[in-house]
Amino acid sequence: MEHTLSIIKPDAFAKKHVGEILSRFESNGLTIVAAKVKHLTKDEAEEFYAVHKDRAFFNDLVSFMISGPVMVQVLAGEDAIKKNREVMGDTDPQKAASGTIRADFAENIDANAVHGSDGPETAKTEIDYFFNPDEIISI
């Protein structure tokens, strides 16, 4: 059973798409094993996205991620990382396949509704950033 981190970003949260997005995860074989709603601080967003600190979009990304509440969850399932990335769709919603979260709910490449871990090491680091082990249920 693989775990991955997912974040429903401020744009999707503000538009009240949380339930629809969670339903997409579940209907695609992923189980929500931990979840919390947070309003990230600037320090939290900068630390979480530190891998991008030298990129031109870093400050805009941080500003966007602190612009409103987010929902952070741990998803579990067979090939959870790959499955979640398929369900999310391409980072650019204009390129995302029809029926994916980003095709249906994202505004643009910057306000793209969701974040998902891109590999096993990243998933572990990201999950550990937001959750203590005792906050994640076993299935």
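## Ser117 and its contacts

Leaving aside neighbours within four places in sequence, Ser117 is in contact with Thr4, Leu5, Ile81, Arg85, Thr122, Ala123 and Glu126. Contact means heavy atoms within 4.5 Å. Ser117 lies in the loop between β4 and α7. Its relative accessible area is 0%, so Ser117 is buried. Buried means under 20% relative accessible area, exposed over 50%, and partly exposed in between, with a 1.4 Å probe and protein chains only.

## The model

This is a predicted model: local features need pLDDT of at least 70, side-chain atom pairs count only at pLDDT 80 or more, and totals for chains, interfaces and linings use all residues. Residues are numbered from 1 along each chain as its sequence is written, and side-chain values use heavy atoms, with hydrogens and water left out.

## Overall build

The chain has 7 helices and 4 strands. Their order from the N terminus is β-α-α-β-α-α-β-α-α-β-α. The radius of gyration is 14 Å, close to the 14 Å that the globule rule gives for 139 residues, so the chain is as compact as a globular protein of that length. That radius is taken over C-alpha atoms, and the rule is 2.2 Å times the number of residues to the power 0.38. Helices (H or I, at least four residues) and strands (E, at least two) are DSSP runs, numbered from the N terminus.

Along its principal axes, the C-alpha trace spans about 40 × 35 × 25 Å. Of the 139 residues, 45% count as buried. Among contacts between residues at least 6 apart in sequence, 76% join residues at least 24 apart.

## Surface and charge

The accessible surface of the chain comes to about 7400 Å². Carbon and sulfur atoms hold 47% of that surface. Areas come from the Shrake-Rupley method with a 1.4 Å probe; for residues, only the protein chains shown count as cover.

The chain has 15 positive and 24 negative charges, and their mean positions are 2 Å apart. Lys and Arg count as positive, Asp and Glu as negative; His and the chain ends are not counted. Each charge is placed at NZ of Lys, CZ of Arg, CG of Asp or CD of Glu.

## Helix α4

Helix α4 covers residues 58-65, and its buried residues are Phe58, Leu61, Val62, Phe64 and Met65. Seen down the axis, they fall within an arc of 160 degrees, so they line one face of the helix. The arc is that of the directions from the helix axis to the C-beta atoms. On the other side of α4, Asn59 and Asp60 are exposed. The cover over the buried residues includes β1, α1 (10-14), α3 (42-48) and β3.

## Helix α5

In helix α5 (residues 80-88), the buried residues are Ala80, Ile81, Asn84, Val87 and Met88. Their arc around the axis is only 130 degrees, which puts them on the same side of α5. They pack against β1 (2-8), α2 (18-27), β3 (70-77), α6 (101-105), β4 (114-116) and α7.

Just after α5, Gly89 takes a positive phi of about 90 degrees. Asp79 sits in the loop between β3 and α5. Asp79 is not a glycine, yet its phi is positive, about 50 degrees.

Ala113 lies in the loop between α6 and β4. Its phi is near 75 degrees, a positive value in a residue other than glycine. Ala113 counts as buried, at 0% relative accessibility.

Pro120 belongs to helix α7 (residues 120-130). Pro120 is exposed, with a relative accessible area of 53%. Pro120 and Asp43 are 77 residues apart along the chain, and their C-alpha atoms are separated by 24 Å.
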